[in-house]
Amino acid sequence: MRIPIRVRPGSGRTVVGGAHDGALVVRVGERAVDGRATDAALAAVATAFGLRRRDVTLVSGATSRTKVVDAEGADPARLRELLGG
């Protein structure tokens, strides 16, 4: 399943949930330096869906806060729950 995400780096803790312009909000403690925030966001998405890290891959947006990820085996009902609906 392809999921648009909005990464918010430098947060106090890692949290997945909420929506920003239709994208799933992923807050991570890592700073946006050398792809660390992106890596942390992919790991957080995997954890939120109960997937292995290797099941979540970046499709687009490597240097943007808005990204698209492919989460193989993600449950659509879980996505609706995380988006707040």
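**A loop to start with**

Me: Where does Asp21 sit?

Reply: Asp21 is in the loop between strand E2 (15-20) and strand E3 (23-27). Strands (E, at least two residues) and helices (H or I, at least four) are DSSP runs, numbered from the N terminus. This is a predicted model, where local features need pLDDT of at least 70, side-chain atom pairs count only at pLDDT 80 or more, and totals for chains, interfaces and linings use all residues. Residues are numbered from 1 along each chain as its sequence is written, and side-chain values use heavy atoms, with hydrogens and water left out.

Me: And what about phi of Asp21?

Reply: That phi is near 50 degrees, a positive value in a residue other than glycine.

Me: Why does Asp21 count as exposed?

Reply: Because its relative accessibility is 76%. The cut-offs are under 20% relative accessible area for buried, over 50% for exposed and partly exposed in between, with a 1.4 Å probe and protein chains only.

Me: What is phi for Asp34?

Reply: Near 55 degrees, and Asp34 is also a residue other than glycine with a positive value. You'll find Asp34 in the loop between E3 and helix H1 (36-49). Asp34 is exposed, with a relative accessible area of 72%.

Me: OK, switching to the sheet. What's the strand order?

Reply: The order is E2-E3-E1-E5-E4, in an open sheet of 5 strands with mixed pairing. Two strands pair if DSSP finds at least two bridges between them. E2 and strand E4 (56-60) are the edge strands, each pairing on one side only. From one strand to the next, the twist averages 40 degrees.

Me: Which strands does H1 lie across?

Reply: H1 lies across E1, E2, E3, E4 and E5, and runs at about 130 degrees to E4. Angles run from 0 to 180 degrees between N-to-C directions, with axes fitted to C-alpha atoms, for helices over the stretch in contact. Helix H2 (residues 76-83) packs on the sheet too, touching E1, E2 and E3, and its direction makes about 75 degrees with that of E2.

Me: Is Thr38 buried or exposed?

Reply: Buried, with a relative accessible area of 11%. Thr38 lies in helix H1. Leaving aside neighbours within four places in sequence, Thr38 is in contact (heavy atoms within 4.5 Å) with Leu58, Ala62 and Lys67.
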